[in-house]
2 protein chains.
Amino acid sequence: MGFAETFKALSDPVRRDILGLLKKERLSAGEIGSHFDMTGATISYHLGILKKAGLVFESREKNFIYYQLNTSVVEEVMLWLSELKGDDSDAEKE
Amino acid sequence: MGFAETFKALSDPVRRDILGLLKKERLSAGEIGSHFDMTGATISYHLGILKKAGLVFESREKNFIYYQLNTSVVEEVMLWLSELKGDDSDAEKE
DNA sequence: TATGTATTTAGAAAATTTTCTAAATACTAT
DNA sequence: ATAGTATTTAGAAAATTTTCTAAATACATA
């Protein structure tokens, strides 16, 4: 997976807003898009990046693709930050 | 400050590596640079971005500028992620 | 003051990212 | 099979980011 991809994904405001929407409930690509003033193609691009970063996953249903937050990857990022801080509640490599 | 700047700063591998170096001790710009295969000017550029994001601060001493990790901003980022996850240990806006 | 070391700033090239339009794919339902 | 809705893919333009070289600034000391 890699933190490079994950932090990169988190670095864009549109993508952070998308994650914020998905905090409450899963949403279809179209529902997500309706919150932004950009084309569906652009939203699809952002969803692809979030998906590659592991921050969301999709489930297909009828004609729709629903996206939902993957909290476990959010947790991994928090762990990285926690280790950076020196919060040594977890293993510290070498 | 803004999460945009902070996540953007965290999104680059060189900058994450710099933060990793600063985890143990404060280092001068030159000492930081010696760990990378890039010019001092480029390192300075990255340090500027980390500084603007609030992730590091500097202290000038003699001829040197020392950089150190600002753990409080790391904590703010963790809080943002924690709220995204729904970890409601802290206030939830509206 | 003159010289040397440490670091940043300026300007430009190369690479990457974000966005759009148009076309393609996928699935539904008539 | 046809038409309609939902979403993605392709290709290109615009914007941003990363890196370099060369020059500038800052400070220290001989």
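A salt bridge here is a side-chain nitrogen of Lys or Arg within 4 Å of a carboxyl oxygen of Asp or Glu. Keep that in mind as you look between the two chains: the rule finds two salt bridges across the interface of chain A and chain B.

Before you click, note that this is a predicted model, where local features need pLDDT of at least 70, side-chain atom pairs count only at pLDDT 80 or more, and totals for chains, interfaces and linings use all residues. Residues are numbered from 1 along each chain as its sequence is written, chains are lettered from A in the order in which they are written, and side-chain values use heavy atoms, with hydrogens and water left out.

**Stop one: a salt bridge.** Select A:K85 and B:E75. They form a salt bridge whose closest N and O atoms lie 3.4 Å apart.

**Stop two: the helices.** Now colour α1 (3–10), α2 (13–22) and α5 (71–85) of chain A, the elements that each give two or more residues to the side touching chain B (helices are DSSP runs of H or I, at least four residues, numbered from the N terminus). The largest share, eleven residues, comes from α5(A).

**Stop three: the whole interface.** Show both sides together: 25 residues of chain A are in contact with 25 residues of chain B (heavy atoms within 4.5 Å).
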